[in-house]
Amino acid sequence: MTNHYDQFVKTLHKLEYKHDLSKAFNDLLTVGICSFHRTNIQTQLQEQDEANETLYMNTIKSYKRDDLNILAEALGVLQLNVLDNPYSDILGEFFMQHITKGQNGQYFTPEHVCDMMALIQCGNDQSERNRIFDPACGSGRMLLSAAKQNHKNYFFGADNSETCAKMATLNFFLNGLSGEVAWMNSLSMEWYGGWHINTKGIGIIPINKEQSQIWGEAPKMPKPRPIDKVKSHNEQPSHQLSLF
Ligand SMILES: C[S@@+](CC[C@H](N)C(=O)[O-])C[C@H]1O[C@@H](n2cnc3c(N)ncnc32)[C@H](O)[C@@H]1O
């Protein structure tokens, strides 16, 4: 992993003299997702989509040609890394070390711990099409480790950080995981966006919440009952003595 990671760091830092690194990293994720939008995995052909084109053009408009080449180079490094080190998480590593630097509690689980957890959870299970879900997936590295055990499952990740949801989406796509990533709050169920990835032979497809299995199949919580009457310490059974 080290060589490609170092190369990725070096490449993105070339943008730093003109662009905010955090924004450039986010733009790289958006450009990557747009580039693989509705791409037929067999033919590599992409369905045209006006909303996707607009998002792509708006994202790249603050970059000059040389800088765009740097973004393309960084995407290339990610792809090479998948060939040499499948299921490793360069994006999450860069995010931790160069973007959040620990802010907002953004530390992800070390890869070997993810691997151990995946081994314990799914090591002996070679059945296919199980659904594996991380409701606070970060860059999706726990799911990458689960895919190391058995990539024929379906993988689901949710995160309330847009950057994390995009990292997981790109990680899923590049490593050939099939499933869904939701950018949502897994506790309050607020929905912000999401993607189906590598399903039905198509790369990355943006979805709305009605199309989301994560959102649609979440256990329905019973409606909170109105509190009939709040008991106070004065309302003690009549047989008890009250002190005051
Ligand atoms: C410590 S990281 C763990 C990421 C990943 N599961 C791992 O083990 O590497 C916690 C993640 O939870 C996300 N998160 C926190 N509150 C959340 C919520 N209410 N809904 C969804 N994601 C949340 C954060 O954005 C962060 O990416």
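**A helix and its surroundings**

Modeller: Let us begin with helix α2, residues 21–35, whose 15 residues should span 21 Å at 1.5 Å a residue, and whose end C-alpha atoms are 21 Å apart, which agrees. The expected span is 1.5 Å times one less than the number of residues, and helices (H or I, at least four residues) and strands (E, at least two) are DSSP runs numbered from the N terminus. Please keep in mind that this is a predicted model, in which local features need pLDDT of at least 70 and side-chain atom pairs count only at pLDDT 80 or more, while totals for chains, interfaces and linings use all residues. Residues are numbered from 1 along each chain as its sequence is written.

Within α2, the buried residues are A24, F25, D27, L28, L29, V31, G32, I33 and C34. Here buried means that 20 or more other C-beta atoms lie within 10 Å of the residue's own, exposed means 12 or fewer, and partly exposed is in between, with C-beta atoms placed from the backbone.

Helix α8, residues 162–175, can be read in the same manner: its 14 residues should span 20 Å at 1.5 Å a residue, and its end C-alpha atoms are 20 Å apart, which agrees. Because 13 of the 14 residues of α8 are buried, this helix is largely enclosed by the rest of the structure. After α8 comes G176, with a positive phi near 75 degrees.

Turning to the largest nonpolar core, we find 51 residues, of which L143, F155 and A182 touch the most other members; such a core is a set of buried Ala, Val, Leu, Ile, Met, Phe, Trp, Tyr and Cys residues joined through C-beta atoms within 7 Å. Helix α8 gives the most to this core, with eight residues. Domain 1 (2–104) and domain 2 (105–216) both give residues to the core, so it lies between them, the domain bounds coming from an automatic or database assignment. Leaving aside neighbours within four places in sequence, L143 is in contact (C-beta atoms, placed from the backbone, within 7 Å) with I132, D134, C137, F155, G157 and L177.

Two further residues deserve a careful look for their backbone angles. Most residues other than glycine have a negative phi. Y87, however, is not a glycine and has a positive phi of about 70 degrees; Y87 sits in the loop between α4 (65–84) and α5 (90–100), and counts as buried because 23 other C-beta atoms lie within 10 Å. N198, also not a glycine, has a positive phi of about 55 degrees, belongs to strand β4, residues 191–199, and is buried, with 22 other C-beta atoms within 10 Å.

In strand β5, residues 202–207, we find P206, which counts as partly exposed because 18 C-beta neighbours lie inside 10 Å. Not counting residues up to four places away in sequence, P206 touches G193 and W195.

For the whole picture, the protein chain has nine helices and five strands, and buried residues make up 33% of its 244 residues.

Note on methods. Contact = placed C-beta atoms within 7 Å.
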